[in-house]
Amino acid sequence: MSNPRPSAQHPLHLLYAEHHHWLRGWLARRLNSHADAADLTHDTFLRTLTSPHLGQLDEPRAFLCMVAKRVLYTFWRRGELERAYLEALANLPEPVAPCEETLAVLREALEAVDALLAGLPAKVRHAFLLNRLEGLTHQQIADQMQVSLSSVERWVRRAVTHCYLAQLGAGT
Amino acid sequence: MSGRSLAALTPAVREAIEWSVRLGSGAATAADRDAFEQWQALDASHRQAWQAVTQATHTPLNPLLEVPGSASAATRALRSSGLSLQRRRLLRGGSVLLLMLGLPALLTVQRRMPLDAVFSDHYSGTGERRRIQLADGSVLLLNARTTVEVAFSAEARVIHLRHGELNIQVARDPHRPLEVVTAQGRVRALGTRFSVATLDQRSAVSVQQHSVQVRNRAGQSIVVDSGQTLRFADDALSPLGNEQGRLDAWMEGRLEVDDASLGSVIDALRPYRYGVLRVSPAAAQLRVFGVFPLDDSDRALQSLAQVLPISVEAFGPITLIDLR
């Protein structure tokens, strides 16, 4: 039993051969780092693997651009998330500096929660985090965000429902 | 929310969500809690729904709650979604940003599947062993997450092991020697059956029948006989004596260790597992003896937790192993 070799005619092989230099340049101009550009070029092609349209692209570079933008978004989002988190840790009344091992776990947990809450409006996100991460009561959240108690309740309900459905989607 | 996902909100789930909101509001009374107990006792579907809702909200947040101060820092970092304005400008163009919001953060995991797998002749995925019959009649067995390229010509038979571990039963062909090439050197078949593995900066070879000749990049050369194991780097050859049974147990889906570090045992389990396995530096040093099933890594981890002073906890795709 063997995997058929993606031959020279395989659409991904062609796409890679013809465009990967160009894509790396495109990414490098936005990243200011050749190592990152090489990594993200790799990630971009990996993502195109699952595309059903691979064999019939009219505008291969426009397609690659679209995928690369998503990859770039994830990469930047991850970096900004981590920086904001570390800054917040350092600015605590009692600054916390987790060891590298713990930090690795926290980083992944942050990304997982970020992905989980993706698509929710900022207020819903914030109310949910204050409630479930910081342990504030609905009343405290209403005071802090200067909104009504019923808004907080509605937002938390929406976020919990969102998490439930997201987990359902992830499980299938 | 699509119609399909709304259909998942059964009455029991809707009620469970209401309970989750109510009990987490900080204003729940003793009467509320009694009513909740009764609701739970009423029907198994209630308990099931409650468990699912609780898990969906708790599991992802749990790791952030364990480090003091982390919860409020995480709230700050996570409260806004999206990117800084400057970077958003760099991505400007069309509706792409909207599409991006729902992306799963699985890229880290995917990067482990090397892109060269796509262009390789043969590869095996996570948790998968493959048996491949080559054109010359040789039989190649790939351990999980392994990639190889086969280059057979009229003069030679060369198999490039890019990543992972293989075993090969070589078909006899006196005119075309067979070689397995790794980043550190070449293994030439003088006999019929042997295994090659790539490790970090090193390779290992063990011979089941007859012998092989190993030449590393520095040009050092040695013959490894049946029953022997050799580890080699760019500029070093280190015979390991008879560890063959243990190194080759993967072919039967077993991992056999005799006084190995927990860290190396976890390394051997990784190709059989989706998601991330993390072992703390202190736990990684524990010594392990025993036989573990590769195809059921959950069970392997359970067995480890029974004999070692470790805790194994799963947070979604992340499994954490630490000293108890």
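Read along its sequence, chain A of this predicted model follows the pattern α-α-α-α-α-α-α. Chain A has 172 residues, of which 35% count as buried. Among its contacts between residues at least 6 apart in sequence, 55% join residues at least 24 apart.

The largest nonpolar core contains 63 residues, and the members that touch the most others are Leu110(A), Val113(A) and Val53(B). Helix 4 of chain A (residues 100–117) supplies the largest share of this core, with nine residues. When residues up to four places away in sequence are left out, Leu110(A) touches Leu81(A) and Tyr85(A), and, from chain B, Ala74(B), Ala77(B) and Leu78(B). Apart from this core lies another, of 24 residues, which include Leu161(B), Val187(B), Ala197(B) and Leu230(B). In soluble globular proteins, nonpolar side chains tend to be buried together.

For the complex, the predictor gives an ipTM of 0.77 and a pTM of 0.50. The average pLDDT of chain B is 79, and 81% of the residues score at least 70. Among the elements of chain B, the highest mean pLDDT, 93, belongs to helix 2 of chain B (residues 11–23), and the lowest, 33, to helix 8 of chain B (residues 107–110). The pLDDT is below 50 over residues 94–120 of chain B. In the model, this stretch has 45 contacts beyond near neighbours in sequence. Where pLDDT is low, the predicted coordinates should not be read in detail.

Conventions: Residues numbered from 1 in each chain as written. Chains lettered and ligands numbered in written order. Predicted model: local features only at pLDDT ≥ 70, side-chain atom pairs only at ≥ 80, totals over all residues. Core = buried A, V, L, I, M, F, W, Y, C linked by C-beta atoms within 7 Å. Buried ≥ 20, exposed ≤ 12 C-beta atoms within 10 Å, placed from the backbone. Helix = DSSP H or I, 4+ residues; strand = E, 2+ residues; numbered from the N terminus. Contact = placed C-beta atoms within 7 Å. pLDDT = per-residue confidence, 0-100.
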